Amino acid sequence: MSYKSFDLLNKIYFVRTGGSKEELHAAEILKSECESLGVPAVIESFKVDGCKIHQASVKFLEPDMEVECVGVGMSSSTPEEGITGEFTYITSAQDAIVQDVKGKVCLIHSKLVNPKIYKTLVEKEASALILCCGSVYEENENVDLDPYMYRERNYKHGKIPAVCIRMKDAEQVLRAKPKKAHVIMIEDELQNDSHNVVATIEGTKFPKEVIAFTAHFD
């Protein structure tokens, strides 16, 4: 009977974000799968960034608008009452350099912030960021507001509290041209245990050579 890899994929077909209990469950499944094939395996843990977001909201003022959002992990917290600042739109690294963004709430038309833009916004003391996900061609009901965290390439420069909205909502906001925005973002930043599954198949012809195969399973 041949091995059916899609059966394994079906077993781990669930959300398994790095550092979550679901990721550990997936690691245990993979370890068991290796051992069922006669290959010993071990689970190794290591620390990764994590967060627990308690509150996230964004309102636009003059004219007044409120849109659904999620918090961006590892972006730091606003005061409990939130931050209100003049609203502006950042389109590029050059735009971030040219504009006076100190104390302003900046909308960026991307979920993955360009590190150069982010570094500039930190240095120029922007007060909060609004990121975007999805596409202007997709209706809101077809765009999930998935949890997201800053990566070290961003926050090594400093942290700016951030939330994420849908691109379709961002388009409507830009058409309305609000003067101000109010952002609340409250989180706890943590260190979670993530896991590697390591299995070794001993060779015979070239016992001193090591070939490493790696893959993400989170």
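Some ground rules to begin with. Because the model is predicted, local features need a pLDDT of at least 70 and side-chain atom pairs count only at pLDDT 80 or more, while totals for chains, interfaces and linings use all residues. Numbering runs from 1 along each chain as its sequence is written, and side-chain values use heavy atoms, with hydrogens and water left out.

**Overall build**

The protein has six helices and nine strands; these are DSSP runs numbered from the N terminus, with helices being H or I of at least four residues and strands being E of at least two. Its C-alpha trace spans about 70 × 35 × 30 Å along the principal axes. The radius of gyration is 22 Å, whereas a compact globule of 218 residues would come out near 17 Å. That radius is taken over C-alpha atoms, and the globule rule is 2.2 Å times the number of residues to the power 0.38.

Of the 218 residues, 39% are buried. Buried means under 20% relative accessible area, exposed means over 50%, and partly exposed is what sits in between (1.4 Å probe, protein chains only). The accessible surface comes to about 13400 Å², and carbon and sulfur atoms own 52% of it; areas come from the Shrake-Rupley method with a 1.4 Å probe, and for residues only the protein chains shown count as cover.

Now for contacts, meaning heavy atoms within 4.5 Å. Take those between residues at least 6 apart in sequence: 72% of them join residues at least 24 apart.

On the charge side, there are 26 positive and 34 negative side chains, and the centres of the two sets lie 4 Å apart. Lys and Arg count as positive, Asp and Glu as negative, and His and the chain ends are not counted. Each charge is placed at NZ of Lys, CZ of Arg, CG of Asp or CD of Glu.

**Aromatic pairs**

Searching the whole structure turns up two aromatic pairs. Rings of Phe, Tyr and Trp (its six-membered ring) pair if their centres lie within 6.5 Å; planes under 30 degrees apart are stacked, over 60 edge-to-face, and the rest tilted.

Phe60 and Phe87 are edge-to-face, because their planes stand at 85° with ring centres 5.5 Å apart. This pair links distant parts of the chain, with Phe60 in strand 1 (residues 41–61) and Phe87 in strand 4 (residues 83–90), 27 residues apart.

Tyr118 and Tyr150 have ring centres 5.1 Å apart and planes at 75°, so they are edge-to-face too. Tyr118 sits in helix 4 (residues 115–123) and Tyr150 in the loop between strand 7 (148–149) and helix 5 (152–155), so the pair ties together parts 32 residues apart in sequence.

| Residue | Relative accessibility | Class |
|---|---|---|
| Phe60 | 1% | buried |
| Phe87 | 11% | buried |
| Tyr118 | 0% | buried |
| Tyr150 | 2% | buried |

Most residues other than glycine have a negative phi, and most peptide bonds are trans. Glu62 and Pro63 are joined by a cis peptide bond, with omega about 5°. Glu62 also has a positive phi of about 60°. At 42% relative accessibility, Glu62 is partly exposed.

Lys177 has a positive phi as well, near 55°. Lys177 is in the loop between helix 6 (167–176) and strand 9 (180–199), and is exposed at 66% relative accessible area.
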